[in-house]
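Subject: Structure handover

Hello,

Here is the structure for you to look over. My notes follow below.

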Amino acid sequence: MADSPIGVFDSGYGGLTVLKELVKHLPQYDFLYLGDNARTPYGTRSFRVVYEYTLQAVKYLFSQDCPLIIIACNTASAKALRNIQQLDLPHLAPDKRVLGVIRPSVEKVAEITRNGRVGVLGTPGTVLSGSYPIELQKWAGGKVNSTVQEACPLWVPLVENNEIETEGAAYFVKKNIQNIFAKDKELDTLILGCTHYPLLIGQIARFVPEHVRILEQGKIVAEKLIDYLQRHPEMDGRISKTGRLKFQTTESADNFNEKAALFMGQPVVSETIHL
């Protein structure tokens with residue numbers, strides 16, 4: 001069987017936290033990770049631009065024989081996924097699938113919230129899109145009564161500059177968490193609505209009350225993907241399974257390798273491609 005990996009796309013590095021969990025839960029599968037590092041961040045860009053960039057990446061991953069793509073980026077999932085699924089896939093590749101990270105997170109919230117009060121920590125772009133409140137209303141089956149959001153613009157730079165354990169990181173994490181609990185003191189579930197944020201989990205846990213559940217997307221997406229492949233054996237049969245892991249970036253491979261190793265917890269060797 002030719003290489004036909006699961007494609008994993010992100011605007012930069014954050015999606016590697018999702019990839020890491022996918023590899024952990026599905027070690028026999030082949031994966032191709034693509035980071036659009038040359039044009040990151042997507043969070044500050046318009047819906048139109050994010051959609052165009054994401055569609056380019058999807059078309060590229062289809063050209064690399066990926067039958068299934070995970071958009072492991074909250075901004076792209078929020079601003080582009082629905083259009084791609086509804087408008088592009090039917091004529092572009094009706095036999096292929098593109099999935100995101102927001103719906104699996106929302107479905108998980110419905111399973112675990114006790115009082116229906118949910119907080120979302122995300123980038124300004126994800127918060128502004130309103131995707132989480134909309135999707136929670138749609139998919140959480142009446143289990144969610146209220147949703148509050150907090151944009152955390154400095155968390156991504158803190159992670160990417162490896163400032164995770166610093167007092168500066170602690171200051172900004174504490175500030176944003178205080179802000180979201182000021183909006184609703186009764187929150188019982190917090191969604192980390194950005195794939196960079198799991199690297200800050202040690203800091204986040206310091207300032208979140210113990211009874212509050214913190215959702216990390218990588219684990220949830222991995223669980224939901226296993227479930228999806230079990231329910232769609234025809235798709236599962238099309239994915240190659242040699243345990244191969246490939247990394248591609250639209251920026252410098254050397255830069256990518258250095259930072260990606262921080263996210264993956266292992267050395268990374270990538271190649272530069274052009275979209």
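A polar contact here is a pair of N or O atoms within 3.5 Å; within protein, one must be able to donate a hydrogen and the other to accept it. Keep in mind that this is a predicted model.

**Gln 248**

Gln 248 sits in strand 9, residues 245-249. Is Gln 248 buried or exposed? Its relative accessibility is 2%, so Gln 248 counts as buried. Beyond its neighbours within four places in sequence, Gln 248 is in contact with Leu 32, Tyr 33, Leu 34 and Gly 35, and also with Tyr 60, Ser 270, Glu 271 and Ile 273.

**Ser 105**

Ser 105 is another buried polar side chain to check. Its relative accessible area is 0%, so Ser 105 is buried. Ser 105 belongs to helix 5. A polar atom of its side chain lies 2.8 Å from the backbone oxygen of Val 101. Leaving aside neighbours within four places, the contacts of Ser 105 are Tyr 132, Leu 215, Gln 217 and Ile 220.

**Nonpolar cores**

In soluble globular proteins, nonpolar side chains tend to be buried together. The largest nonpolar core in this model has 51 residues. Ile 6, Leu 16, Trp 155 and Leu 225 have the most contacts inside that core. Apart from it lies another core, of 26 residues, including Tyr 42, Ala 57, Phe 62 and Ile 84.

Which residues does Trp 155 touch, not counting those up to four places away in sequence? They are Leu 121, Phe 172, Val 173, Asn 176, Ile 177, Tyr 197, Leu 200 and Ile 204.

**Pockets**

The largest pocket holds about 770 Å³ of space. It has 29 lining residues, and those nearest its centre are Leu 81, Gln 85, Gly 100, Arg 103 and Glu 135. Helix 3 (74-79), helix 4 (81-92), helix 5 (102-112), helix 7 (131-139) and helix 11 (217-231) each supply at least two residues of this lining. Helix 11 gives the largest share, 6 residues. By type, the lining of the largest pocket has 12 nonpolar, 8 polar and 9 charged residues.

The second largest pocket holds about 370 Å³. Of its 25 lining residues, Pro 41, Tyr 42, Gly 43, Thr 123 and Val 156 are the closest to its centre. Helix 3, helix 6 (124-129) and helix 8 (155-160) each supply at least two residues here. Helix 8 gives the most, with 3 residues. The lining of the second largest pocket divides into 9 nonpolar, 14 polar and 2 charged residues.

**Backbone points to check**

Most residues other than glycine have a negative phi, and most peptide bonds are trans.

- Thr 40 and Pro 41 are joined by a cis peptide bond, with omega about 0°. Pro 41 is in the loop between strand 2 (31-35) and helix 2 (47-63).
- Asp 65 is not a glycine, yet has a positive phi of about 70°. Asp 65 lies in the loop between helix 2 and strand 3 (68-71). At 45% relative accessibility, Asp 65 counts as partly exposed.
- Asn 162 is not a glycine either, and has a positive phi of about 55°. Asn 162 lies in the loop between helix 8 and helix 9 (167-183).

Best wishes

How values were computed:
Residues numbered from 1 in each chain as written. Predicted model: local features only at pLDDT ≥ 70, side-chain atom pairs only at ≥ 80, totals over all residues. Heavy atoms only, no water. Core = buried A, V, L, I, M, F, W, Y, C linked by side-chain atoms within 4.5 Å. Buried < 20%, exposed > 50% of the residue type's maximum accessible area, 1.4 Å probe, protein only. Contact = heavy atoms within 4.5 Å. Helix = DSSP H or I, 4+ residues; strand = E, 2+ residues; numbered from the N terminus. 1 Å grid on protein atoms, 1.4 Å probe; cavity = no way out; pocket = protein on both sides within 12 Å on 5 of 7 lines; lining within 4 Å. Points joined across faces, edges and corners; volume = space filled by probe spheres on them. Nonpolar A, V, L, I, M, F, W, Y, C, P; charged D, E, K, R; others polar.
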